[in-house]
Amino acid sequence: MIPDPKYSLSKALMPDGVTERFVIVGDDDRVHISSSWLLFMADTGRSPNTIRNYGARVAWYLSWTALTTDWRAVTLSHLALWRRAVEISPVRKTNGQSSMRTAKTVGLWMVPLRSFYEWADAEGLVTTDVASRMTQMKYFAPGTAAGGEHGRRLRVLTEVLRPAGTPVEAPPEWIDDAEARQRLETLTLPTRDRFLIDLMYRTGIRAGEALSLFTADLHFGGGSRTLGCRHADPHFHVRVDNTVENNARAKGQPRLLFVDEDLVEGYIDYLLERGRILGSNDKSAHVFVNMYSHDESRGRAMSYSGVKKLIARCAKRIDFDLTGPHMLRHTLATRLVRGIGCEAQDLDVVQAILGHASIDSTRIYTHDLESAKKAALKSLATRTITLAHE
Ligand SMILES: [Zn+2]
């Protein structure tokens with residue numbers, strides 16, 4: 001509970017005898033050093049309203065802190081306790097009723113505190129690293145919505161200071177079981193499904209990107225000058241401007257991705273079967289078309305719901321909860337970052353493969369270290385056992 005303030009916000013007449021400024025005063029009538037922070041805010045153009053709000057909140061914080069410790073030597077967990085105290089202290093309304101603060105309001109209580117500690121840290125008053133730990137830099141690349149024209153760095157509160165109830169981005173779901181991955185890799189599927197799964201699982205493209213692919217984008221025999229592409233190794237182009245039939249959206253960055261011989265063979269298998277089944281009815285420019293259906297959708301571009309159903313069928317057969325096609329992408333990304341079954345790759349390489357505009361999007365794959373370690377060792381063990389039997 002927030003006790004009666006030992007410190008309070010007050011107004012003081014400046015030495016010129018005219019100007020009034022906000023100050024924080026103790027119940028012993030001594031001006032607290034945090035008053036210099038309020039003066040600093042005034043000097044840097046903050047509005048009197050802001051200064052009053054910030055000052056009142058920090059005054060309460062100083063009173064609360066004084067009960068247990070020195071405000072100059074607090075740790076992040078002390079601030080988390082303070083946030084909790086604000087959270088569970090009812091607010092008395094003018095009609096006499098009381099209510100709890102919302103998560104958003106509690107978050108706003110932390111803003112002045114951060115401002116205060118940044119100032120105090122710059123003044124050399126703080127003896128811990130609490131000020132630097134309260135904020136972390138978040139970088140938004142130029143050209144992205146958040147980054148604008150020049151790129152932008154934003155400060156965000158660290159996790160511990162986040163009000164309860166603020167949604168924290170869920171870590172990406174991936175196939176963290178080496179045996180489940182192996183079952184998926186070796187599952188017997190119709191040629192189109194096998195190729196689609198492999199393409200997403202091994203190049204990390206989104207379902208929307210796979211569904212937007214045209215056969216003309218697959219340069220599996222190498223590019224040619226007439227196509228304006230000189231890459232000799234098998235590759236394909238993820239484009240965002242294909243005129244699709246299926247409302248699929250390729251929303252990432254256009255990019256070129258290389259493929260290995262297995263994928264090339266998988267594609268050839270699929271093309272042969274596609275030709276056999278659809279014959280002269282094959283008129284779609286899309287790589288992935290319906291060929292196992294017997295209605296009017298046959299021969300048309302495959303839809304997103306078709307991919308989801310395929311993933312659901314695979315989930316059942318490999319006995320692993322695949323929540324959607326994105327799990328294949330998350331799995332590749334996590335493996336590349338962690339070096340699971342491959343050499344660990346630098347984040348910028350993974351970023352380019354995934355088509356992320358900002359490396360911050362790629363950084364989410366540094367998630368879940370514990371289970372990643374477990375999975376890495378497990379996949380190692382699987383291979384060792386396989387070798388021992390051979
Ligand atoms: Zn090409």
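Modeller: Two strands are said to pair if DSSP finds at least two bridges between them. The structure is a predicted model, in which local features need pLDDT of at least 70, side-chain atom pairs count only at pLDDT 80 or more, and totals for chains, interfaces and linings use all residues. Residues are numbered from 1 along each chain as its sequence is written.

Colleague: What makes strand S1 and strand S2 a pair?

Modeller: Strand S1 (residues 7–13) and strand S2 (residues 20–26) share seven bridges in the antiparallel sense, and the definition asks for at least two. Strands (E, at least two residues) and helices (H or I, at least four) are DSSP runs, numbered from the N terminus. Alanine 12 stands opposite arginine 21 in S2. Six residues lie between the strands of this hairpin, where glycine 17 has a positive phi near 75°.

Colleague: Which residues of helix H12 are called buried?

Modeller: In helix H12 (residues 347–354) they are Val350, Gln351 and Leu354. A residue is buried if 20 or more other C-beta atoms, placed from the backbone, lie within 10 Å of its own, exposed if 12 or fewer, and partly exposed in between.
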